[in-house]
Amino acid sequence: YGLQCPVVPNGIPVADFERSPRERAQWRSEMGIEPGCVLYVFVGRLVAPKNLMLLLEAFSALDDPNACLMLVGDGDQRGPIEEFVNSRGLHARVRVLGARDDVAACLAAADVFVLSSHWEGNPMAVMEAMAAGLPVIGTAVGGVPELVSSGRDGILVPPGDRAAFTGAMRQLSRNVELRRTMGR
C-alpha cells in the first residue's frame with residue numbers, strides 16, 4: 001500500500017460563480033448599490049456562532065460612507081441584527097437580504113467576503129467567495145486558515161477582535177489593487 005491520495009473535503013464548481021462585469025453592474029444597480037461603493041458580503045446562517053454583532057460593530061467603526069454591507073441568509077439573529085442596524089442608523093448602508101437563491105450573483109456583485117465566526121468547520125461560503133474571486137476577511141478559526149492564507153487570499157484576524165476586523169476592512173476599503181490581487 002503506501003499510496004497517498006489527495007483529499008478534497010468539498011468541491012466548488014468554480015464556473016457557477018463566474019459573472020461578467022455587466023452582470024455585476026446590473027445586479028448592483030437593481031439592489032441600489034452605488035457604483036463606487038465597496039461592498040462587503042456575508043453569506044450564511046444568521047446565528048450566534050457566526051458572531052455577526054462583531055461584524056456589525058466592526059463595520060460601524062469603519063465609518064466609511066463609501067462602504068456597504070450585505071448579509072445574505074436567515075436565522076434567529078435576524079431580529080437583533082436588524083435592531084442594531086436601525087439603532088445605529090446604518091439602514092442606508094447595511095442590507096439584510098434574507099435567504100436567497102442567487103448567492104453566486106450576490107458574491108459576484110461584492111468586493112470583499114467577511115466572516116466573523118467564533119468557530120467554523122470547513123466553511124463552504126468561504127470557498128464559494130474565493131471561487132467568485134473575492135478576498136476574504138475572516139476570523140482565524142476552524143478550517144478558515146486552511147482555506148485563506150492571510151496576506152495572500154485575504155486577511156485573517158483573531159476571533160472576537162473587533163478592532164482588528166475594522167482594521168482589515170479599512171485596509172481593503174482603501175486599496176482596490178490589493179482587493180483584486182487577493183481575489184485572484
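Two strands are said to pair if DSSP finds at least two bridges between them. Helices (H or I, at least four residues) and strands (E, at least two) are themselves DSSP runs, numbered from the N terminus. The structure described here is a predicted model, in which local features need pLDDT of at least 70 and side-chain atom pairs count only at pLDDT 80 or more, while totals for chains, interfaces and linings use all residues. Residues are numbered from 1 along each chain as its sequence is written, and side-chain values use heavy atoms, with hydrogens and water left out.

Strand β2 (residues 67-72) has 6 of its 6 residues buried, so the strand is largely enclosed by the rest of the structure. Here buried means under 20% relative accessible area, exposed over 50%, and partly exposed in between (1.4 Å probe, protein chains only). In a regular strand the side chains alternate between the two faces of the sheet. In β2, Ala67, Leu69 and Leu71 point one way, whereas Cys68, Met70 and Val72 point the other way, and all are buried.

On one side, β2 pairs in the parallel sense with strand β1 (residues 38-43) over 6 bridges, and Val38 has Ala67 of β2 as its bridge partner. Parallel pairing also joins β2 to strand β3 (residues 94-98), over 4 bridges; there Leu71 stands opposite Val96. β1, helix α2 (residues 52-62) and β2 form a right-handed β-α-β unit, and β2, helix α3 (residues 78-87) and β3 form a right-handed β-α-β unit. A crossover is right-handed if, with the strands pointing away from the viewer, the path from the first strand over the helix to the second runs clockwise.

Elsewhere in the sheet, strand β4 (residues 112-115) runs parallel to strand β5 (residues 136-139), and 3 bridges join them. Phe113 stands opposite Val136 in β5. Contact means heavy atoms within 4.5 Å.

Helix α2 also meets helix α7 (residues 162-174): their axes come within 8 Å and cross at roughly 55°. That angle makes α2 oblique to α7, given that angles under 35 degrees count as roughly parallel, over 145 as roughly antiparallel, 65 to 115 as roughly perpendicular and the rest as oblique. The residues in contact include Leu54, Leu55 and Phe59 of α2 and Phe165, Met169 and Arg170 of α7.

Asn51, in the loop between β1 and α2, has a positive phi of about 50° although it is not a glycine. At 12% relative accessibility, Asn51 counts as buried. Asp63 lies in the loop between α2 and β2, and its phi is near 50°, a positive value in a residue other than glycine. Asp63 counts as exposed, at 61% relative accessibility.

Terms used
Axes are lines fitted to C-alpha atoms, for helices over the stretch in contact, and angles run from 0 to 180 degrees between N-to-C directions.
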